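Here is a short tour of a protein fold, written to be read beside the model. Please keep the 3D view open as you go.

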Amino acid sequence: MENCIFCKIVHKEIKTNIAYEDEKMLAFYDINPQAPFHLLLIPKKHITDILSLEDKDIIGEIMLKIKELTKDISQSGFRIVINCGKDSGCEVFHLHIHILGGRRLNWPPG
């Protein structure tokens, strides 16, 4: 996607602090963290949102990767968030999963 900031990160047109990368996905630290640990995990292939998802394998692989990425904070707990649509607060329309932890997270969020 031409103007997608996350696609530009995938293609190394924009630098970011990468936590994990393989041929299918990329995890990087959020530039506006909402918790001490705040990663964004994205598929490298542009998928607009969870409703546009057609590849059931990639979402499974991404979910399994969360276990590895959260090994240092999993004992105290973490939250995963997938926003969909403008009213959800989504600002970048490329499927991404927020992984938040490192402090007590209140419910409801916000």
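What follows covers the sheet, the helix across it and the nonpolar cores.

This is a predicted model, where local features need pLDDT of at least 70 and side-chain atom pairs count only at pLDDT 80 or more, while totals for chains, interfaces and linings use all residues. Residues are numbered from 1 along each chain as its sequence is written, and side-chain values use heavy atoms, leaving out hydrogens and water. The chain averages a pLDDT of 94, and 97% of the residues score at least 70; pLDDT is the predictor's confidence in each residue, from 0 to 100.

The open sheet has 5 strands in the order 1-2-3-5-4, with antiparallel pairing. Strands (E, at least two residues) and helices (H or I, at least four) are DSSP runs, numbered from the N terminus, and two strands pair if DSSP finds at least two bridges between them. Strands 1 and 4 stand at the edges with a single partner strand each, so one side of each has no neighbour in the sheet.

| Edge strand | Residues |
|---|---|
| Strand 1 | 18–21 |
| Strand 4 | 78–81 |

Strand 3 (residues 37–43) and strand 5 (residues 97–101) pair over 5 bridges, and Leu39 stands opposite Ile99 in strand 5.

The largest nonpolar core has 16 residues, and Ile99 is one of those with the most contacts inside it. Such a core is a set of buried (under 20% relative accessible area, 1.4 Å probe, protein chains only) Ala, Val, Leu, Ile, Met, Phe, Trp, Tyr and Cys residues joined through side-chain atoms within 4.5 Å. Helix 2 gives the largest share, 5 residues.

Notes. Buried means under 20% relative accessible area, exposed over 50%, partly exposed in between (1.4 Å probe, protein chains only).
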